[in-house]
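Please open the model in your viewer and keep the selection tool at hand. Each stop below tells you what to select next and what is to be found there.

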Amino acid sequence: MRDADPSTNEREFLLAALKDGARIDGRKFYDFRTLRLTFGAEYGAVEVQLGNTRVLAKVSCEVIRPYTDKPTEGFLMFNTELSPMASAAFEVGRQTDEEVLVSRLIEKAMRRSRALDTEGLCIVAGEKVWSIRVDIHFLDHDGNLVDAACIAAITALLHFRRPDVTVVGEDVTIHTLEQRNPVPLSIHHIPICTTFAFFNNGERMIVDPSFLEEQVKEGDMTVTLNVHKEVCALSKAGGIPMEIDQILQCTKIAVVKVAEITAQIQAALEADAKKR
Amino acid sequence: MASITTEEESKLLIVLPGDQLPESGLMEDSSAAHRLTLGPGLAPMDDDSITAVKAGILKHNAVGNRWWVESNQRRYVAAQGESIIGVVTGKSVEHYKVDIGASQPALLGVLAFEGATKRNKPNHNIGDLLYCRVSMANKDMEAELECMNPTTGKADGFGELKGGFVIKISLGLARRLLDPKNLVLRLLGQHIPFEMAVGTNGKVWVNSANAQHTILICNAIRNSEYLNSAECSAMVKSLVEKM
């Protein structure tokens, strides 16, 4: 089942309200919805709520043999699943364009920006490395899946602890969580996505579009930054053309948003660490 | 949940799917009566027993010995006689196809409008918002709609909704909004003049003088779902003050 297009009334009201300087849920143009992070009982399980959009990320690890041409490189894999639970428009086993875009963007933001130190995942060069797998489940779709998924993935990686290992000669011992304290992954930086949607020939620009805003938008762009103001990825798949000035303005807004979100993630992680 | 007084507690009967009602003694007084009217959430079984098929609060009305379960859900299941808000998604010679938020689109005959004849009938386009009544709803079939009162043939307020904005809320909240004593709507009405149409399919259409007011009303309605009366008045007050 395809998602029904919004009614003419909704579309016209949304555009008129934007022209008037208001968004349909009462937010300001550059406001994110309320972000809530909930940690699971195990390490590496995080549920992110961005307004009514909900995403669950779970990190797991296993020991595997590395590629022969990269004997010291560990693996980092992302698995995104847009199930019918999120929205009736998603079907099992059939990838929509949206799903491909979301998973590609997360790959770009996380792996290609080298957020995780994959060399640090090596146990014995050429023999054994850790393979880290991040499963991202979309539980409820109310727009802006990319930002929510990105926050979920990086928070889960920060929260995750892998079992400790000791290497004596050729022998590798993997200690269970009871035997030794598990160790965190070494993460270089925290990339955060900020999605912009454009209306009114690109004159009106908003952050964190909701589902209805996504349906009515003329174009969108996702900027991935970290707190050090380094651009990790920039994605603009179709939509209206944009001026350079506007892209620069977007990144400037994103810098502020990224700082806020990073602070919130770190506060949530600290609060959780105290409870454990 | 809001604090419940002991008196209310004794009346609050919560049933779960599969609960057999006469057995549990809940319907004792009525089992002797000859006629029994079952509403939503209750179903007669093969062995003449009555079983709850939804989780919720068991309600009873002595008039006509009526029993039903008050439950809440998000997905609409069409039921005959209910007023709903739908979006036109398709058009054919005899029918409009209308999305009502159910598992299947509903059909609205092109002649099911006040005073419509084969020569003179209203023309609706894809994307139009219609306030209509479910005229037929059978299991496993597409529901049928009409935009008039079947006994009088008059429009009775049904028809196209122009302008305004629509929000989707839970079915339980939509039913509560239809209560003339509903607190949030009364409070909002004291501050802002507005018009609205509530569909039992969880769609609510709101229109007022300007966009800011409409947005405020929509937000207040959405926020009111899990608030008690004191919190509700505080919420409306703070929204109106911020305006």
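Begin by selecting Arg54(A), which is partly exposed with a relative accessible area of 30%, where buried means under 20% relative accessible area, exposed over 50%, and partly exposed in between (1.4 Å probe, protein chains only). Its side chain meets that of Glu47(A) in a salt bridge at 2.9 Å, N to O, a term that stands for a side-chain nitrogen of Lys or Arg within 4 Å of a carboxyl oxygen of Asp or Glu. Glu47(A), by its relative accessible area of 19%, counts as buried.

Before you go on, note that this is a predicted model, in which local features need pLDDT of at least 70 and side-chain atom pairs count only at pLDDT 80 or more, while totals for chains, interfaces and linings use all residues. Residues are numbered from 1 along each chain as its sequence is written, chains are lettered from A and ligands numbered from 1 in the order in which they are written, and side-chain values use heavy atoms, with hydrogens and water left out.

Next, select Arg33(A) together with Asp208(A), whose closest N and O atoms are 2.9 Å apart in another salt bridge. Arg33(A) sits in the loop between α1 (8-20) and β1 (35-39) of chain A, and Asp208(A) in the loop between β12 (204-207) and α4 (211-216), 175 residues apart; helices (H or I, at least four residues) and strands (E, at least two) are DSSP runs, numbered from the N terminus. Both Arg33(A) and Asp208(A) are buried.

Now move to chain B and select Arg133(B) and Glu146(B), whose side chains meet in a salt bridge of 2.4 Å, N to O. Arg133(B) belongs to strand β10 (residues 129-136) and Glu146(B) to strand β11 (residues 144-147), 13 residues apart, and both residues are buried.

Staying in chain B, colour the open sheet of 4 strands, which has the order β1-β5-β6-β2 and mixed pairing; two strands pair if DSSP finds at least two bridges between them. Which strands stand at the edges? They are β1 (13-15) and β2 (37-38), and each has a single partner strand, so one side of each is left without a neighbour in the sheet. Strand β2(B) runs parallel to β6 (residues 66-70), joined by 2 bridges, and Leu38(B) stands opposite Trp67(B) in β6(B).

A hairpin comes next: select β14(B) and β15(B), which have 4 residues between them, and look in the turn for Gly202(B), with a positive phi of about 90°. Strands β14 (residues 194-198) and β15 (residues 203-208) of chain B run antiparallel and are joined by 5 bridges.

Finally, show both chains and select the interface, where 21 residues from chain B and 16 residues from chain A take part in the contact, meaning heavy atoms within 4.5 Å. Phe165(B), Gln212(B) and Ile215(B) supply 37% of the area that chain B buries against chain A, more than any other three residues. About 1,300 Å² is buried between the two chains, with carbon and sulfur atoms giving 59%; buried area is the accessible area (1.4 Å probe) that two parts lose on being put together, summed over both. If you select α5(B), you have the element that gives the most to the side of chain B that touches chain A, with 6 residues.
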